[in-house]
Amino acid sequence: MTELDDDLRVSACERCPVLAESRTRIVDGVGPTDADLLFVGEGPGANEDELGEPFVGRSGDVLDEALRDAGLARADVRITNCVRCRPPDNRDPTGEELANCRGYLDAEIDRLAPDLIVTLGKVPSEHLLDRSVAITSEAGEVVDARIAGASRRVLLSVHPAATLYDRSQREGFFEGIALAAEVAGVGGATDSGGDGQSRLGEF
């Protein structure tokens with residue numbers, strides 16, 4: 001498998017013929033290569049495939065807003081995906097595609113050694129924890145998992161797009177990002193979390 005370069009990028013990959021055919025480009029993670037906080041999504045969508053950056057478009061706007069509320073900027077954190085190429089028609093990546101890209105993700109996590117990983121949605125949560133996850137009920141929980149050869153702290157979160165389809169998810173998503181900043185010891189969250197933030201801290 002092709003190694004990551006010094007910027008944690010994949011220069012070329014043809015392991016998934018369908019994805020290699022459908023993608024415009026490989027979408028690598030963005031952000032500092034020594035970030036304390038790592039966000040992991042599922043895979044690139046149309047906007048990400050076009051612009052070459054994870055979480056742009058409407059869901060990226062929600063994530064950026066939550067980061068700002070937590071006293072962080074996009075440039076302060078690392079954002080990556082389970083797979084680096086857009087699946088056709090924005091379908092979920094297959095198990096084989098997730099497995100083919102896992103070495104890159106593990107190498108990125110190993111090199112980064114973040115204080116906290118935040119999984120954005122059901123697919124990355126199940127992929128990294130290697131178990132079934134009921135994401136709406138487990139969101140906000142911090143768990144320990146063995147990832148990339150070490151024990152890592154993982155905070156489970158709904159996907160930011162969920163807040164666009166279901167406004168009731170918004171408060172919990174913002175509280176989760178604020179908690180992530182607190183657990184990782186970064187940012188300077190404003191006092192908008194209220195009791196919800198304290199409640200999440202009990203997990």
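1. Residue classes are used as follows: Ala, Val, Leu, Ile, Met, Phe, Trp, Tyr, Cys and Pro count as nonpolar, Asp, Glu, Lys and Arg as charged, and the others, Gly among them, as polar. On that basis the lining of the largest pocket has 7 nonpolar, 8 polar and 4 charged residues.

2. The model is predicted, so local features need pLDDT of at least 70 and side-chain atom pairs count only at pLDDT 80 or more, while totals for chains, interfaces and linings use all residues. Residues are numbered from 1 along each chain as its sequence is written, and side-chain values use heavy atoms, with hydrogens and water left out.

3. The largest pocket has a volume of about 480 Å³. A pocket here is an open set of points on a 1 Å grid over the protein atoms alone, where a 1.4 Å probe fits, with protein on both sides within 12 Å along at least five of seven lines. Grid points are joined across faces, edges and corners, and the volume is the space filled by probe spheres set on the points.

4. The lining of the largest pocket comprises 19 residues (a lining residue has an atom within 4 Å of a point). Nearest the pocket centre are Gly45, Ser59, Asn90, His159 and Ala161. Helix H2 (46–51), helix H3 (58–69) and helix H7 (162–165) are the elements that give two or more residues to this lining. Helices (H or I, at least four residues) and strands (E, at least two) are DSSP runs, numbered from the N terminus.

5. There are 13 salt bridges, each defined as a side-chain nitrogen of Lys or Arg within 4 Å of a carboxyl oxygen of Asp or Glu. One of them joins Arg9 and Asp7, with the closest N and O atoms 3.2 Å apart. Arg9 is partly exposed at 40% relative accessible area, and Asp7 is partly exposed at 38% (buried is under 20%, exposed over 50%, partly exposed in between; 1.4 Å probe, protein chains only).

6. Asp28 and Arg84 form a salt bridge at 2.7 Å between the closest N and O atoms. Asp28 lies in the loop between helix H1 (17–22) and strand S1 (37–41), and Arg84 in the loop between strand S2 (78–81) and helix H4 (95–112), so the pair ties together parts 56 residues apart in sequence. Both Asp28 and Arg84 are buried.

7. Arg74 and Glu53 also meet in a salt bridge (2.9 Å, N to O). Arg74 sits in the loop between H3 and S2 and Glu53 in the loop between H2 and H3, 21 residues apart. Arg74 counts as buried at 17% relative accessibility, whereas Glu53 counts as partly exposed at 26%.
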